[in-house]
Amino acid sequence: FFDGCSKDYEFKKLLYGLTFFHAVIQERRLYGPLGWNIPYEFTESDMRISVMQLTMFLDEYPNEVPFKALTYLTGECNYGGRVTDDKDRRLIMTMLDDYYTTDALQEGYTFFGQEYVCPDPMKYEEYLEFIGKLPADPPPGVFGFHDNATLTKDRNETYAMMDALLLTVGTSSGGSDAGPEQVVGAVATDVLSRVPKPFDIAAVANKWPILYDESMNTVLRQELQRFNKLIVAILNSLEDIQKAIQGLLLMSAELETCFYHIFDGKTPEMWLAKSYPSRKPLGAYVNDLIERLHFFQTWFEEGIPVVFWISGIYFTQAFTTGALQNYARKYKVPIDTVTFDFETPKQFLKTLPTERPEDGVYTTGLFLEGCRWNDESWMLDESQPKVLTVPAPLLHFQPQLRTKLKVFNHYNCPTYKISTRKGTLSTTGHSTNFIMWIRVNSEVPESHWVKRGVAFLSQLDV
């Protein structure tokens, strides 16, 4: 097939780009969620059918190269047929645009730097020799990443290795005098002393009744009901563990698993089943939970916050829906015609606002992964060396009719609850991880940040 196409120059140029694309999307899996939300198993069959289609279309269109058809078939059908996440589908089409383009037919077109040039047509053996001279350890930029992505990949590999090592460790306590029972008992006592009792929902309903023009009262009650279930699960499990340690209760298999998770410093699965998504270790998880409970206790005592800590909200989609509902009821418009515009007010760079906005909500607590926010240019910018995540600026979620959204240079940034990025569709119709799209200022094309894997995270792993 190598010399069988009627348009030899175009075929060999695009064939090299296609095979390079195949290699790039395979290698991106090594970078975890930064590369793909879901690690897809792209195969050689995907590439072979794409090569056959490339040959067929070039033969059938002698006067032009049908890039639109080739891009659709290769990206949406052959490779895209495996892609189930819409953010990954956006990524694969963005990546393919760098290889199926008229620029790739020009002499000297490069995929990255001067080493990764798309060579002019040559013999098969010469191609092999050319590829053999490429660097054995390619930089992250070849795959569209910032240099920091190498640190992310190494960190993920380290975490995976440590998790595997923990599975091989017995229940002995090493050189310490304290055994597992003493360690877990001390942790249980500490957590029980810090985690407050469940909220009084009846008192919340009396103080903040459900109102037609204030959906946040409903959000507050629903949030506290969810946190109550989590608090009860934590308190009951720790009390049972203490009784089991004392020999007063038979430890079930589920409780034993919880016991050893606590001993290993992990958040027990028994808690996570009733919890908001989290990848934090036990100590950080408890601290984060207490901060969330304090945020809602302040909300209950003092009223609706001026600035919402969006990372502390259990079911974020209910909160955003509440903000849209307030706007829709205030202006008497259908809620399905309303969405969010996003502003980053400069006046609140160093000091937080003291009054709620006329419409919408002020939010803080998000983190940017894959880039940073430049306070001088007031838009997205490349990450600083060795800085993987940075706090995002205060955001104003401004409800607006879909027909009146502002037009500006932006990146449509996905927002996730945790760094795994992948989630499942819950019974409410929402993802368990993905929250929403947020448009943020950017002076570079959106494709740049898509390949960087830039996203908002509501919480970090530590």
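Helix H4 gives the most to the lining of the largest cavity: four residues. This is a predicted model, where local features need pLDDT of at least 70, side-chain atom pairs count only at pLDDT 80 or more, and totals for chains, interfaces and linings use all residues. Residues are numbered from 1 along each chain as its sequence is written, and side-chain values use heavy atoms, with hydrogens and water left out.

Some terms. We work on a 1 Å grid over the protein atoms alone; a cavity is a set of points where a 1.4 Å probe fits but cannot get out. A pocket is an open set with protein on both sides within 12 Å along at least five of seven lines. Lining residues have an atom within 4 Å of a point. Points are joined across faces, edges and corners, and a volume is the space filled by probe spheres set on them. Helices (H or I, at least four residues) and strands (E, at least two) are DSSP runs, numbered from the N terminus.

Back to the cavity. Its volume is about 130 Å³. It is lined by 17 residues, and Asn37, Lys87, Arg421, Val450 and Gly453 lie nearest its centre. Helix H4 (86-96) and strand E11 (410-416) are the elements that give two or more residues to this lining. By class, the lining has nine nonpolar, three polar and five charged residues. Here Ala, Val, Leu, Ile, Met, Phe, Trp, Tyr, Cys and Pro count as nonpolar, Asp, Glu, Lys and Arg as charged, and the others, Gly among them, as polar.

How many cavities of 30 Å³ or more are there? Three. Residues lining the second largest cavity include His146, Asn148, Glu369 and Arg452. That lining has four nonpolar, five polar and two charged residues.

Now the largest pocket. It holds about 930 Å³ of space. It is lined by 38 residues, and the closest to its centre are Tyr159, Ala160, Asp163, Arg279 and Asp461. Which helix supplies the largest share of the lining? H6, with 10 residues. H6 spans 149-168, and helix H11 (269-272) also supplies at least two. The pocket lining has 14 nonpolar, 10 polar and 14 charged residues.

On to helix packing. Axes are lines fitted to C-alpha atoms, for helices over the stretch in contact, and angles run from 0 to 180 degrees between N-to-C directions. Contact means heavy atoms within 4.5 Å.

Take H7 (residues 180-194) and H10 (residues 253-263). They pack at about 85 degrees, with axes 9 Å apart. That makes H7 roughly perpendicular to H10 (65 to 115 degrees). From H7, the contact uses Pro180, Glu181, Val183, Val184 and Val187; from H10, Phe259, Ile262 and Phe263. By class, that is seven nonpolar, no polar and one charged.

Last pair: H1 (residues 8-27) and H2 (residues 44-60). Their axes come within 11 Å and cross at roughly 160 degrees. So H1 is roughly antiparallel to H2, a label for angles over 145 degrees. Among the contact residues are Phe11, Leu14 and Leu18 of H1, and Met47, Val51 and Leu54 of H2. The contact divides into eight nonpolar, four polar and two charged residues.

Note on methods
Angles under 35 degrees count as roughly parallel, over 145 as roughly antiparallel, 65 to 115 as roughly perpendicular and the rest as oblique.
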